[in-house]
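Subject: Structure handover

Hello,

Here is the structure you are taking over. Please open it first, then read the notes below it.

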Amino acid sequence: MDRLKVATVWLGGCAGCHMSFLDLDEFLFDVAAQIDLVYSPIVDCKEYPEHVDLCLIEGAVCNEDNLELLHKIRARTKTIVSFGDCAVTGNVPAIRNQLGRDNTTNVLQCAYVENAQENRRVPDATGIVPTLLPLVRPVHELVRVEYFLPGCPPPADRIKAVLVELLAGRAPALTGANLKFG
Amino acid sequence: MGAKTLIIDGQTVSAENHVTILQAATDNGITIPTLCHLDGVYDVGACRLCLVEVKGSTKLFSACTTRVYEGMEVTTQSERLKKYRRMTIELLFAERNHVCAVCVANGHCELQALATSLGMDHVRYDYCFPKWGMDLTHPFLGMDDNRCILCTRCVRACWHIEGAGTKNVAGRGSKSHIISDLNEPWGDSETCTSCAKCLLSCPTGALFHKGDTVGESERDRSKLGYIVNAREKQQWIV
Amino acid sequence: MQLDDLQTIAEKHQASRKKFCLRTCMSAGCMSSQADVIKKNLESEVKTQGLEADVEVRRVGCMGFCGQGPLVGVDGHAQDGELFEHVKPEDAPAVVRSLTGGECALERGDPHHPFFAKQLRIVRANGGIIDPERIEDYIAAGGYVALHNALTELTPAQVIEQITRSGLRGRGGAGFPTGLKWSTVAKSPGAKKYIVCNGDEGDPGAFMDRSILESDPHLVLEGMAIAAHAVGADQGFLYVRAEYPLAISRLNLAIKQAKALGLLGGAIFESPFTFNIDIRIGAGAFVCGEETALMASVEGKRGTPRPRPPFPAESGLWGCPTLINNVETFANIAPILNRGADWYASLGTEKSKGTKVFALTGKIQNNGLIEVPMGIPLRQIVEEMGGGAPDGGSIKAVQTGGPSGGCIPAQHLDTPVDYESLVKLGSIMGSGGMVVMDDKTNMVEIAKFYMEFCMDESCGKCIPCRTGTVQMFRLLEKITARQATAADLAKLEELCDMVRATSLCGLGQTAPNPVLSTLRFFRHEYEELLQSDAHAAPPPATPA
């Protein structure tokens, strides 16, 4: 049997979910034996490949780069897992949505001018900061998502519970304390 | 007085005359999810989580406001009820800005706990992301409208247990919100006794003690029930 | 005050009548088009032309043909009952001249037009005939005799028996049998009982109750007083929305007049019966039309509903047994007692007796108020009386029951208008709003309009109504913006079911109705707006 092609993606989030993933400790060896990690922040691969079996998406969809990558992921991936609260709910990145819909200038102004101590200036060089989306969105509002893995971050054993099922070809079904947000 | 015999989820239970379905269920170890109910505070049947099916009627009844009767047959956990309850919780999460990760009530929030127990792994409705403010004018208490679910437990505790009548509801529909007095800054309120019963009653992190950490924000909501029990039934020992 | 005194007042009033009468509609609709100036001009014109001895200009209530207003009716003329339409203040000289054979080029309404001919006026019998600001007019039309007879000849139980036998059902919308409600309140233990009249008419496009209150306020007061006698109440509240200032001022005047004549207050008709009516004015919330919210508002609390049971009949205002009926229901009481329960029961259908007032509006030639016998086919109302769609269009659907109702498509126009038939088609009788839609109307937009209304009017107390209407409205917006998928439509239907089943009061429980009923008959209009889901992946798959 072919090894499972797995990707992990970091959109608008703090990387805490990936840190938690690394907390899987020795279980990572078991995982490594069963998968090919084809794309990840911890893998040197620039382009999201074709025919990915499983992708864990960390982070909310905040800007056009995120959105473009997300559509690419959906087109090239069999199973998507929303990985962590930012991907599932929008979480902290989505707090900026309260500043107003379609008002990204507001957001940049708030971050780079009003709340900045030095160099108060909205970055305007082209191609550096990706264009923000009008609203930060959770992943499933934009593309179909197969499974949800909430938590901020999801503790390692919760990640393990999902991975064990997926690697065995079964549908994970989180219940009880494993479903806690935050 | 007299007692009533009824069936809840197939279990024959007996209940005192005039108690609600919720009371009868709780007394017999049957859990019905609730949000706007709190022991000690009178019931309003607003959150609709405790809706149950009663044999012989196609309507659903709020367990917290419906009295038991002899021979009543109640179902508290049908697939339909579970579906509605999960939808209700999802609607609440979509309504305001509930960010568990940075909430002072994280880990001891009734809304969060219900999401967990009702199996909510994500919210299917578009988040509204409304802009709500906070009232931090009180010397040591704070109110964050973003986390309020409008259960009105604080309003009822304030009026009927403390008798201060500081907390009120203003606006209607999704613009409803909790105010102090006639929409004054809380800190300017002349009626507030700073008893913090509102804080004790709050199921989420909407009302909080300023400066408390998440760990310090755990609250014993049953205290209100003890106060009312002592006052009305002269029962001092739980 | 005795029966003789009523007759004396009536005779005196009749004796004061003149040869000609110019009836000027002074209801809210015509008033908004300067009816008050028209009346003033008519009066001065009568003087100018020296006709004061023969002509009286009279303030009357609504004549019903509101779309053709301002209206002036003529009595005593060669063509008795002649109706001038679209009258302007400067038309006064011509109108007055026409009484003495002068030319008048004004539009004239046809009193034999089906709009009038097919009506059966019971509660609106005095509308457009009597001066609503003069109790003598009402008494001359037979007013307060029913109250007299109820107090002197009938026991409370006999009154209730009459109402029960008449088959009258609540005109507020749900159609609960009125007699049964009255007897429940009468049987409820308690020394103090209340009567409440629900005049918080709020459905978009509906103005039946406003018209009754403005045109014939005493009819409602008399009905309430009879009810009070029947159930044993001594205090009534008439709850009117603040948007009806003319109705409120006429009711205040009517209560004052009735009290002055000993028809309200203490020792009514020199009997031990005491009954007072106070007016309570709403503050603009639609939900206060819901009876428990209305009662909270009367008590001075925030107008939000509470779960039933207990029903108001057992525990209403301040915990006392309370009878709460709609304006039109109370307006039916005196006619029933005057003409007998059997007469009333002979009108209408097997289960829906009497008449119903409808506000006929929307894409229709003849807008206005009509009172028709129950069971009349919808087609007769919209095609014959209403004259069909304007500008050669065709009728697509008729919306009844306002935000709680549904749309009845053209293929069902032969449905008889009664409580059960409308429910079978997924709509309701409602309080009497009837909005006609033509072939240019987009039904999804209609559903969205009503959903926005419910969303704005939700009181916010229960979660399904407060948040569910928001999400349903958003989904409808998404659909009309052509951004929704089949999954969104499924989500909308799921929400409709949930909000209907779980909301606390009627507002939420019926808020999904406009969506459900348009989905039932016009589903293709929704589906045409859907987008295919570009990112739809195969159904949840597990990796190999």
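What percentage of the 182 residues of chain A count as buried? The share is 41%. A residue is buried if 20 or more other C-beta atoms lie within 10 Å of its own, exposed if 12 or fewer, and partly exposed in between, with C-beta atoms placed from the backbone.

Two notes before you go on. Residues are numbered from 1 along each chain as its sequence is written, while chains are lettered from A and ligands numbered from 1 in the order in which they are written. This is a predicted model, in which local features need pLDDT of at least 70, side-chain atom pairs count only at pLDDT 80 or more, and totals for chains, interfaces and linings use all residues.

Chain A

Chain A has 6 helices and 7 strands. Both kinds of element are DSSP runs, numbered from the N terminus: helices are H or I with at least four residues, strands are E with at least two. From the N terminus the order is β-α-α-β-β-β-α-β-α-α-β-β-α. Along the principal axes, the C-alpha atoms of chain A fill a box of roughly 55 × 35 × 30 Å.

Contacts come next. Two residues are in contact if their C-beta atoms, placed from the backbone, lie within 7 Å. Of the contacts in chain A with a separation of 6 or more, 78% are between residues 24 or more positions apart.

Now the sheet. Chain A holds an open sheet of 5 strands in the order β2-β1-β3-β5-β7, with parallel pairing. Two strands pair if DSSP finds at least two bridges between them. At the edges are β2 (35-39) and β7 (147-149) of chain A, each pairing on one side only. Neighbouring strands of this sheet are turned by 25 degrees against each other on average, direction ignored. Helix α6 (residues 156-167) of chain A packs on the sheet and touches β1, β3 (52-58), β5 (77-83) and β7 of chain A. The direction of α6 makes about 155 degrees with that of β7(A). Axes are lines fitted to C-alpha atoms, for helices over the stretch in contact, and angles run from 0 to 180 degrees between N-to-C directions. Strand β1 (residues 4-10) of chain A runs parallel to β2(A), joined by 4 bridges. A:L4 stands opposite A:I35 in β2(A).

Chain B

Chain B has 6 helices and 10 strands. Its radius of gyration is 19 Å, close to the 18 Å that the globule rule gives for 238 residues, so chain B is as compact as a globular protein of that length. The C-alpha trace of chain B spans about 55 × 45 × 35 Å along its principal axes. Of the 238 residues of chain B, 47% count as buried.

Where B meets C

The contact takes 26 residues from chain B and 24 residues from chain C. On the chain B side, β4 (60-62) and α2 (79-95) each supply at least two residues. The chain B side divides into 14 nonpolar, 7 polar and 5 charged residues. Ala, Val, Leu, Ile, Met, Phe, Trp, Tyr, Cys and Pro count as nonpolar, Asp, Glu, Lys and Arg as charged, and the others, Gly among them, as polar.

α2(B) packs against helix α19 (residues 463-480) of chain C at about 65 degrees, with the axes 10 Å apart. Among the residues that meet there are B:T88 and B:L91 in α2(B), and C:I463 and C:P464 in α19(C).

Chain C

Strand β14 (residues 433-438) of chain C has 5 of its 6 residues buried. Strand β10 (residues 355-362) of chain C pairs with β14(C) in the parallel sense over 4 bridges. Strand β12 (residues 395-400) of chain C pairs with β14(C) in the antiparallel sense over 5 bridges.

Best wishes

Methods. The radius of gyration is taken over C-alpha atoms; the globule rule is 2.2 Å times the number of residues to the power 0.38.
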